Amino acid sequence: MKYRLLAGGSVLVMAATLSACSSPSDSASGDGRTTVDVWLMRDSVSDTFQKEFTADFVKRHPKIDVKIQIQEWDGIGQKITAALASNDAPDVIEAGNTQVAQFAESGGLLDLSDRKDELNGKDWLSGLAEPGAYEGKQYGIPYYAANRVVIYRTDLFEKAGIDAKEIKTRDQWIDATTQLNKGGTQGIYLPGQMWYALAGFIWDEGGDLATESGGKWSGALDTPEALRGMAFYEELQALGKGPKDSDEDDPPQAEVMAQGQVAQVISTPGGANVIVEKNPELKGKLAFFPIPGKTADTPGSVFTGGSDLVVPAAAAHPDEAVTFIKELTGDTWQRKLAVAMSYVPNRTSLASAVAHDPGAAAMAVGAANGHATPNTPGWAAVEAENPIKDYMTAVLTGRDPAEEAAKASQDITRAMNAGS
């Protein structure tokens, strides 16, 4: 399977075949049974998983039927907004974790704060749970997660005498990458505008992309912590030939690594499949390790992408909707979903479910230190404009980091507060 964390940070795209079922208007039943209408996103589950889960759910809850309609990510924000404003909303909707605040602000979601305990909220992944909350109330229930790891060439590491298992800190990572960056090999291919990776380095330093005070958000790239994060990014990026003025999609970094001269990339694990598709000679020569942190006892911070499950305020069957969510996010089906789709389960206590999947296991380690983008509807405007990318390019091409960070922070502040 292949998957890619999208710009909104909330999605994985993977090769799978899914089936669509009927619409919310079919939920009425004359035989005393209740039908829960569910919107799941394309490729969030396989067809086999969907059928097995549905059959088990109906068996365990004989008075509830399930109808799942598969939605496309393209344009889903507008479609969900329209559904929430109507009287014909589905009972359960899968939403990207960074989308929940936008939908909650509209008043269209059911507050599930009083159901957290029964939904195992004590050890939810923070990168899913935090953006699933808005103004102190829990609207989104963590569903699954994914984050970036380091994909590396085992043969190049062995040739250089480097044991990837020993790379636990940033300093060790820099040392290893420096050793690999010779003889025509790029120690790492890191494009200049991979801002999700930068965010992780900033979080490691105790900084953030933006902060809130008195109801107003302000860009925070010009803080000492954020500047240290950018300095590390600059040091790492220099140990390869990644372009300074584009992101991981231009050119696609998997295609660059497939050319055979790159020792490492930062990617979701599914990128390894793409690399092998482009260059079959690399089959069996790729492996993974979590992005290293500042100290050996804590992995590097990562942006946690993935999805939450929400219940529209207009849902016809809110109690049955919560029952559906409880099953899908419970121990049994979270473990099965993690194995079937190579996802990180929604709770830290379930990390062992992916212990035998090298890529997912590396993700699970990082997910324990996962973060989300600022939890406010205004963040969508920042991503649309994305001054962070321009800031990164400016620094990497020699401009003054503090001055450029101040400019970018002003742009973030303006974008986040444009509608207030």
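This is a predicted model: local features need pLDDT of at least 70, side-chain atom pairs count only at pLDDT 80 or more; totals for chains, interfaces and linings use all residues.
**Close-up 1. Helices α8 and α15 make a right-handed crossing.** Contact (heavy atoms within 4.5 Å) is made by Leu 227, Met 230, Tyr 233, Glu 234 and Gln 237 of α8 and by Tyr 391, Met 392, Val 395 and Leu 396 of α15. The axes of α8 (residues 224-237) and α15 (residues 387-396) come within 11 Å and cross at roughly 60°. Helices are DSSP runs (H or I, at least four residues), numbered from the N terminus. Axes are lines fitted to C-alpha atoms over the stretch in contact, with angles from 0 to 180 degrees between N-to-C directions.

Residues are numbered from 1 along each chain as its sequence is written, and side-chain values use heavy atoms, without hydrogens and water.

**Close-up 2. Aromatic pairs number 18.** Tyr 143 and Tyr 144 form an edge-to-face pair, 4.9 Å centre to centre, with 65° between the planes. Rings of Phe, Tyr and Trp (its six-membered ring) pair if their centres lie within 6.5 Å; planes under 30 degrees apart are stacked, over 60 edge-to-face, the rest tilted. Both Tyr 143 and Tyr 144 are buried (under 20% relative accessible area, 1.4 Å probe, protein chains only).

**Close-up 3. Phe 49, Phe 53, Phe 57, Phe 324 and Trp 333 form one aromatic cluster.** Lys 336 lies over the face of Trp 333, at 4.3 Å from the ring centre. The rule: NZ of Lys or CZ of Arg within 6 Å of the ring centre and within 35 degrees of the ring normal.

Technical notes: Buried means under 20% relative accessible area, exposed over 50%, partly exposed in between (1.4 Å probe, protein chains only). Helices (H or I, at least four residues) and strands (E, at least two) are DSSP runs, numbered from the N terminus. A crossing is left-handed if the near helix is turned anticlockwise from the far one by less than a right angle, and right-handed if clockwise.
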